[in-house]
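Dear colleague,

Please find below the structure that I am handing over to you. My notes on it follow directly after.

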Amino acid sequence: MAKRICDCENISVVEGIFGELCPGKPFDISNLSLNLVYSEYNVSENSKDDLKKVDSSLTSSLGEGDCHTSKPNSNAIPIKSYTLINANRMEVMIITYGATIVSIKCPDKYGDTADIVLGYEDINSYVDPTLNPFMGCILGRCANRIKDGKFKIKDTDYSLTKNDMFKHHIHGGTDGFGKRLWEAHVEDCSYVVMSYLSDDGEEGYPGALLTTVKFKLTNENRLEISMRATTSKPTVVNLSYGTVFNLAGHDAGEDELRAHKISLNCDRWTFSEFENPLPTGAIRNVGGTIMDLRIPRFLGELLEKVPQDGGFDHNFCVVRSSQPEPCFVARVLHANSGRYIELYSDQPGVHLYTCGRFPPYRLKEESTESSKSSSSAGCECECDCESLSDSQVSIKSNLEYLPGKRGAKYTRFTGFSIQPQNYPDAVNIPHFPCAILRPGQVYYHDLVYKFGVQLGGYA
């Protein structure tokens with residue numbers, strides 16, 4: 001039963017129950033295809049054990065017993081929801097699973113309200129790794145990728161969970177912050193505060209890390225997110241948010257996404273080969289390239305021009321002032337609805353992702369005819385044997401789309417995510433901004449989403 005917590009300055013906070021997690025093993029290893037909407041995995045025979053580790057990780061986090069279900073269960077763990085409502089009929093719902101932003105509802109220039117965040121209606125979908133590519137959740141302990149899942153602090157080497165193509169570490173691992181249950185409460189009537197204590201060694205990271213995230217919605221349609229963290233040992237921290245937007249409505253699809261006009265306050269980008277999203281360490285100017293988004297450009301004019309036909313999945317370098325405070329990062333406008341979003345952050349980089357790895361993900365044609373024939377020789381079944389070889393297992397998603405809220409079908413290029421953060425793999429590249437937090441220091445990231453309506457056809 002939802003209850004109103006407060007109503008201060010026309011800002012309301014309503015607490016409810018989004019769903020329940022029952023202790024159990026929700027996924028069988030035969031059906032597990034972790035992160036499939038993010039990457040094609042070419043897994044060696046020696047890496048098959050990694051799948052079992054992922055499965056056991058899911059089991060240990062939820063316990064033994066029955067799968068989660070809608071039936072009453074005395075051992076069920078409630079997933080709380082907090083809905084922030086302002087005087088302009090704007091609503092933001094956040095749940096304690098992954099500190100996830102489930103929905104953001106705001107009116108367009110005609111006064112019609114729509115949910116502009118891609119997501120799901122039930123907790124089972126958020127927990128299912130085949131459906132949830134970090135959708136709407138906090139990204140941590142380290143957002144983005146760490147090469148080979150390894151880094152060194154002083155003279156100590158650390159190995160992390162490899163959950164990106166089973167080669168690299170991404171977004172905190174298979175059981176990172178976006179897959180954890182957060183403690184939550186309402187503070188000073190209008191703030192929702194969530195916290196999580198990450199144990200020393202979790203996902204391979206050193207040090208116990210206490211993280212607090214504070215959410216506030218203002219009557220200026222600003223969603224303010226303050227992230228803070230302290231540690232017991234030197235460790236890597238880089239927090240961001242994986243919220244996926246479509247300003248025409250979460251179910252508006254690819255055509256409307258292409259009608260979005262985007263600009264980034266970035267004059268450089270961390271260069272990476274287009275077939276490998278990890279930065280090489282080089283930082284290049286955006287001028288004269290497809291990466292130049294300093295002047296607003298329609299996404300529809302850009303997506304196919306990005307090499308590899310995968311849209312944007314790249315990190316840009318924010319033009320910052322000398323003041324240690326949130327500065328303008330990006331603006332996205334959907335002219336048909338009039339809705340726009342502006343992002344402000346105090347981080348040095350911002351990652352732009354246009355959901356090119358949502359299903360149906362266009363896999364690279366890496367298999368040769370010889371490997372196809374050798375792998376399928378003697379096989380009369382109707383399986384996908386032709387994509388497999390004796391030394392290679394290719395795990396693929398059979399999903400044609402992600403089944404979203406209210407029957408929506410999320411496919412590639414149906415949303416965009418703008419994630420302010422440190423540079424990818426900064427811990428391994430000395431000239432990138434420092435990603436190490438030490439005892440006695442406080443990590444901070446202040447992120448602001450500002451929503452509005454543009455009534456005319458202004459630039």
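A residue is called buried under 20% relative accessible area, exposed over 50%, and partly exposed in between, with a 1.4 Å probe and protein chains only. By this rule Cys434, at 58% relative accessibility, is exposed, whereas Cys106 is buried at 7%. The structure holds 0 disulfides, a disulfide being a pair of cysteine sulfur atoms within 2.5 Å.

This is a predicted model, in which local features need pLDDT of at least 70 and side-chain atom pairs count only at pLDDT 80 or more, while totals for chains, interfaces and linings use all residues. Residues are numbered from 1 along each chain as its sequence is written, and side-chain values use heavy atoms, with hydrogens and water left out.

A nonpolar core is a set of buried Ala, Val, Leu, Ile, Met, Phe, Trp, Tyr and Cys residues joined through side-chain atoms within 4.5 Å. The largest one has 65 residues, and those with the most contacts inside it are Ile104, Ile225, Tyr241, Phe316 and Tyr449. A second, separate core has 20 residues, including Leu118, Tyr126, Val244 and Tyr410.

Contact means heavy atoms within 4.5 Å. Leaving aside neighbours within four places in sequence, Phe316 is in contact with several residues, among them Leu264, Trp269, Met291 and Pro348.

Thr243 lies in the loop between β18 (240–241) and α3 (254–258); helices (H or I, at least four residues) and strands (E, at least two) are DSSP runs, numbered from the N terminus. Thr243 is buried, at 1% relative accessibility. Beyond its neighbours within four places in sequence, its contacts include Ile101, Phe416 and Tyr449.

With kind regards
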